[in-house]
Amino acid sequence: TDECGNSSQTTATFTIEDTTPPVISVRPTPLSVECDGAGNLAQLQNWLDTQAGAEASDICGGVKWTNNFVSLSDDCGATGSATVTFTATDDCGNATTFNATFTIIDTTNPSIDTEAQDETVECDGAGNLAQLQSWLTRNGDAVASDVCGGVTWSNNFSGLSDDCGATGSTTVTFTATDDCGNFSQTTATFTIEDTASPIISTEASDITL
């Protein structure tokens, strides 16, 4: 406006914009948990819900967290892992991302619920092979279990000792191994004994001279 009151106008716009992504003050933390055999769902969900412990802020508004978790990998037993991208997005759509990995591990040995049992059999003169094989196949009647998967049995039987007659014994270590290679052992002895007296097939005969 001039001194005589005449005026002209011009227009311009003042704009506040937000092009700055949120600031991550605490980065997501990887987490490894011991396998519970059921997917460790509560621990996984808590890790996801808390953004793996990450914290973010934005000077121009709030922050919303999202992640791209789909599923865990299928590893040994019920173990697995997932590398997850966590995204912090402000009200204007600016985003910051970080990765972290959730891992289910199995470091626990199988549980020997019933120890292997010694077995003693009467000598049959031929090595008692059927009874011995049955005992080995039954793992000496041992029972094992594992919370994170199945159990496979093996043993270190190599042969019987050479005792009197066709008797003998062997001390066998039975090994229960889980799907991830952890193992527990139990030991028992198979014994062939001879407690039967010889059979007199022909009685001694008197003789008179």
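Phe-102 is buried, at a relative accessible area of 0% (buried: under 20%; exposed: over 50%; partly exposed: in between; 1.4 Å probe, protein chains only). The model is predicted, so local features require pLDDT of at least 70 and side-chain atom pairs pLDDT 80 or more, while totals for chains, interfaces and linings use all residues. Residues are numbered from 1 along each chain as its sequence is written, and side-chain values use heavy atoms, with hydrogens and water left out.

Aromatic pairs were assigned from ring geometry. Rings of Phe, Tyr and Trp (its six-membered ring) pair if their centres lie within 6.5 Å; planes under 30 degrees apart are stacked, over 60 edge-to-face, and the rest tilted. The count under this rule is four aromatic pairs. One of them joins Trp-47 and Phe-86. Their ring centres are 5.3 Å apart and their planes stand at 75°, so this pair is edge-to-face. Trp-47 belongs to helix α1 (residues 41-49) and Phe-86 to strand β5 (residues 80-90), so the contact ties together parts 39 residues apart in sequence. Helices (H or I, at least four residues) and strands (E, at least two) are DSSP runs, numbered from the N terminus.

Trp-47 is buried at 5% relative accessibility. Phe-86 is buried at 1%. Trp-47 also pairs with Phe-102: the centres are 5.5 Å apart and the planes at 50°, so this pair is tilted. Phe-102 lies in strand β6 (residues 95-105) and Trp-47 in helix α1, so parts 55 residues apart in sequence are tied together. Trp-47, Phe-86 and Phe-102 form one aromatic cluster.
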